[in-house]
Amino acid sequence: MLPFIRSDLAQFTAYKAHPGSDTAEPVAAKLDRLDTNESPYDLPPELKEKLAWTYQQVIETNRYPDGGHENLKQAIAEYVNESAGLTNPVFTSANISIGNGSDELIRSLLIATCLGGEGTVLTANPTFSMYAIVAQTLGIPVVTVGRDKNSFEIDLKAAQSAIEQTQNPPIRTVFVVHPNSPTANSLTATELAWLRNLPEEILVVIDEAYFEFSQNTLVGELEHHTNWVIMRTFSKAFRLAALRVGYCIGHPGAIATLEKIRLPYNIPSFSLTGAVLALQNRQLLLATIPQILSERDQLIATLSSNPALDISPSSTNFIYLRLKPNNTYPQDTALKSLHQQLRSQGTLIRLLNDALRITIGTPDENIRTIKNIQTALANLGGTN
Ligand SMILES: *Cc1c(COP(=O)(O)O)cnc(C)c1O
């Protein structure tokens, strides 16, 4: 390694958007891309036209973007109030900070809490990998605890003891996803009770990336917990993954700190415009959700009838699939083989340590998923 590089970075490899694919090339659009939990639907043409018009007529590419994000923050605050069913609005732009995707917010939150030897991060695996990845690139230690094998509830005993043991540095930030990726389950009453009781020196980050699918939000509780923040994104239900916009909702003090940390022009003008347009047209954009959810239920029902598969309930737009133990083939090689076979049949899904994660696609894509899984399982010899 080059002698000027921080020594602890030697052990990392660059993030791969599509792990399991052998090349760095973008995934061919002809594949069913069901490995990153995006919406299967592009923006409707009329919105793309509006966006293109704004790009041509309004955005001056020689000028820096609006560095304060005020319009978008106000639109987000209104949506957040609405999404929590709050009739007298509680949230204003002082409660919102906007990131270049939630990924940037994860980094800013870690800079704000743990950097410089001030804190350790706690996560419960399996969960979103970016929390640990970003922490490690900042030299921040990560403690992980497990989850129940069936309900995927966090091992709260282990989590509590990790907090009580004098770690050096102490646990300062806890990341949870609601509902969790990749396991698709929402936080339970017991987990919530634990989060509510965490001391105010610990930041609780609740990632609601899939809120629009679960319709289950904790923003109504933010007022009572100055040490909670909620993250959301435009990358999933709002169909704007290409534009990279995420936001954090929290106490004005926490938000002011995030604003200090972020780079001045972190969101391009085009993305600011796209996100505002998406919120203005939220009814149109979110109208695809009931269909995606019913497709999900159908996919779960159909796949569950195969005796080789163990499918977990899902509160979101993807499913978590394991193989039931059997004597015909070892689990991990079978999962790898399923993943590879589906890929060669044109369906890209996410391979995890002991499971597969499959995004809900269009009805046609889902039909192919079912067919391809059944063919692949038959090739393994495990269906009968
Ligand atoms: C997809 C996803 C996000 C979105 O990240 P962006 O950087 O906003 O695209 C955030 N959190 C979780 C858990 C996700 O699965």
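Reply: Helix 1 and helix 9 cross in a right-handed manner, meaning that the near helix is turned clockwise from the far one by less than a right angle. This is a predicted model, in which local features need pLDDT of at least 70, side-chain atom pairs count only at pLDDT 80 or more, and totals for chains, interfaces and linings use all residues. Residues are numbered from 1 along each chain as its sequence is written, and side-chain values use heavy atoms, with hydrogens and water left out.

Helices here are DSSP runs of H or I, at least four residues, numbered from the N terminus. Axes are lines fitted to C-alpha atoms over the stretch in contact, with angles from 0 to 180 degrees between N-to-C directions.

From helix 1, Leu47, Lys50, Leu51, Thr54 and Tyr55 meet Phe270, Thr273, Gly274 and Leu277 of helix 9, contact being heavy atoms within 4.5 Å. By class, this contact has five nonpolar, three polar and one charged residues; Ala, Val, Leu, Ile, Met, Phe, Trp, Tyr, Cys and Pro count as nonpolar, Asp, Glu, Lys and Arg as charged, and the others, Gly among them, as polar.

Leucine 72, leaving aside neighbours within four places in sequence, is in contact with residues including Leu272, Ala275, Val276 and Leu279, and also with Ile98, Phe234 and Val245.

Elsewhere, helix 11 (residues 289-304) lies across strand 9 and strand 10, at about 10° to strand 10.

Methods
Helix = DSSP H or I, 4+ residues; strand = E, 2+ residues; numbered from the N terminus.
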